[in-house]
Amino acid sequence: MATVKSVKFKRRKSCGSLECQVVLLDNSLYVTKLDGKSAKGQELFNKVSEKLSLPPNTRNYFGLQFIDGVDGELTWLDFEKEIRPQRRKPYTFQFAVRFYPLEANVKPKEVQDLLIWQIKDSLIRGKFITSINEHAVLDGFFAQAFLGDFNPKLHTRGYLEDLLGSFFAPPNRINCDAELSEEKYESIVYNLHRSHKGMTPGEARIAFLEMAYNLPFCGMSLHHGATDKKGNIVDLAICGSGVLVFDVDTFGVAGNVVQNFPWHEIVAMTRQNRKFYVVVYSHERKDGGSYSYRFHGHFGHRASERILHDALRHQAVFYQPEKKLFRRSKSFGEVDSHIGTGQFKRSDKKYASTFGKTPSRGSFRKFTDSIRRKIPHKQKSAPADSSLDESPNTSNTSTMTYVDYTDLSRTYLLGSCVLSVLLEKS
């Protein structure tokens, strides 16, 4: 009978190409094709970065966004995963600033332009609430940075809208706390642009960024729809300094900061279903605690997952301690199982690990002394008479106190168990 051999089919390599469209911050469209349909997000981001001439050391500030087809929220593309499982057709993305540098005078010029365009777009969309004066001053610096000195022959009536396009938008109830006619607002920006004559484009860019960095919520990633333990509606903001919690008024507008968690005080961050947990400890105040925030709605679990991923990425970029030690405290029970994986680290000695270390001499001495006190001691036998025969057959024997060796063996067994537990923890 002929033997039948099993045939092993090789996995067919993905063929074809993946066409992606990326909307840049200057509102231009960049179209590229990636070799293979299994291309990852990092490959697409590298092509966009080369198109924008971004230096490698500044690419960490940017990312690619898309609208999630499940809950309709903006989501960052994961560069380590393939593009197709994350985004359905059409493969359209938005290049955006993900992490704002801590200082406004960041270099080079390409990074400054991208930051200004991102802030200007956020101003137009109403993500920052400003006054009319602040809005006009920013537009004056913006015109000086991208149009140069005011020229009466070139910059005639309506030049701001003609030359700046969609980046010039008069204040309204969406992007400002008041409303002004287009003619009056244009005259204000016109006079400000004329007053900046002699200022270089580089100086105008720095002046724009320095003023914009002082605006509320600038450089923050806001997450809405959460409540604290008391049931109060709050907004969570992730920024370069840490995690901020804002109270929300009856109109859904974020107000004052009610909690501030700097990165160096955050021990761990985790999530469970719809809840987002932050565990903090302050070495200066010698106190800490666990805070939980619950996201509501049908996709609350996705909102908690999104803020956890955002917070961990911010912490990795802006907080890099010299020593990274594992936490061993058991005071916050709801995150102990997550801390054991070694995902969360901090440099505080209170939460340092004892892996690879022996117990301290003081604690080990207390342990041995407690065991020694539980062991019964033998009493000294009476001195034997030298005239007596030392033959084992003699009837005169030494008197000894009886020792219960059953209790003694139990005591040694207890001590060995405790010692093994200490060695495993160490």
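Which residue forms a salt bridge with D68, the closest N and O atoms being 3.6 Å apart? That partner is R306. The model is predicted.

**Salt bridges around D68**

- The structure contains nine salt bridges.
- One of them pairs R302 with D68, and their closest N and O atoms are 2.5 Å apart.
- R302 belongs to helix α7, residues 300-318, while D68 sits in the loop between β3 (62-67) and β4 (74-76), so this pair ties together parts that are 234 residues apart in sequence.
- R302 has a relative accessible area of 25%, so this residue is partly exposed.
- D68 has a relative accessibility of 9%; because buried means under 20%, D68 counts as buried.
- D68 also forms a salt bridge with R306, where the closest N and O atoms are 3.6 Å apart.
- R306 lies in helix α7 and D68 in the loop between β3 and β4, so the pair ties together parts that are 238 residues apart in sequence.
- A network of salt bridges links D68, D71, R302 and R306.
- In general, side chains of opposite charge can pair when their charged atoms come close.

**Salt bridge between E183 and R157**

- E183 forms a salt bridge with R157, with the closest N and O atoms 3.6 Å apart.
- This pair links distant parts of the chain: E183 is in helix α5, and R157 is in the loop between α3 and α4 (159-164), 26 residues apart.
- Both E183 and R157 are exposed.

**Packing of α3 with α5**

- Helix α3 spans residues 132-147 and helix α5 spans residues 182-195.
- Their axes come within 8 Å and cross at roughly 50°.
- α3 and α5 are therefore oblique to each other.
- The crossing of α3 and α5 is right-handed.
- On the α3 side, the contact is made by I132, H135, A136, V137, D139, G140, A143, Q144 and L147.
- On the α5 side, the contact is made by Y185, I188, V189, L192 and H193.
- By class, the contact of α3 with α5 has nine nonpolar residues, four polar and one charged.

**Packing of α3 with α6**

- α3 and α6 pack at an angle of about 155°, and their axes are 8 Å apart.
- This makes α3 roughly antiparallel to α6, because angles over 145 degrees count as roughly antiparallel.
- The crossing of α3 and α6 is left-handed.
- α3 contributes E134, V137, L138, F141, F142, Q144 and A145.
- These meet P201, A204, R205, A207, F208, M211 and A212 in α6.
- The residues of the contact of α3 with α6 divide into 11 nonpolar, one polar and two charged.

**Cis peptide bonds**

- Most residues other than glycine have a negative phi, and most peptide bonds are trans.
- The peptide bond from K89 to P90 is cis, with omega near -5°.
- P90 lies in the loop between β4 and β5 (92-97).
- K107 and P108 are joined by a cis peptide bond, with omega about 10°.
- P108 lies in the loop between β5 and α2 (109-125).

**Positive phi**

- S53 is not a glycine, yet its phi is positive, about 60°.
- S53 is located in the loop between α1 (41-51) and β3.
- With a relative accessible area of 49%, S53 is partly exposed.
- F217 is not a glycine either, and its phi is positive, about 70°.
- F217 is located in the loop between α6 (201-212) and β6 (221-227).
- F217 has 16% relative accessibility and so counts as buried.

Methods: Residues numbered from 1 in each chain as written. Predicted model: local features only at pLDDT ≥ 70, side-chain atom pairs only at ≥ 80, totals over all residues. Heavy atoms only, no water. Axes fitted to C-alpha atoms, helices over the stretch in contact; angles between N-to-C directions. Helix = DSSP H or I, 4+ residues; strand = E, 2+ residues; numbered from the N terminus. Parallel < 35°, antiparallel > 145°, perpendicular 65-115°, else oblique. Left-handed = near helix turned anticlockwise from the far one by under 90°. Contact = heavy atoms within 4.5 Å. Nonpolar A, V, L, I, M, F, W, Y, C, P; charged D, E, K, R; others polar. Salt bridge = Lys/Arg side-chain N within 4 Å of Asp/Glu carboxyl O. Buried < 20%, exposed > 50% of the residue type's maximum accessible area, 1.4 Å probe, protein only.
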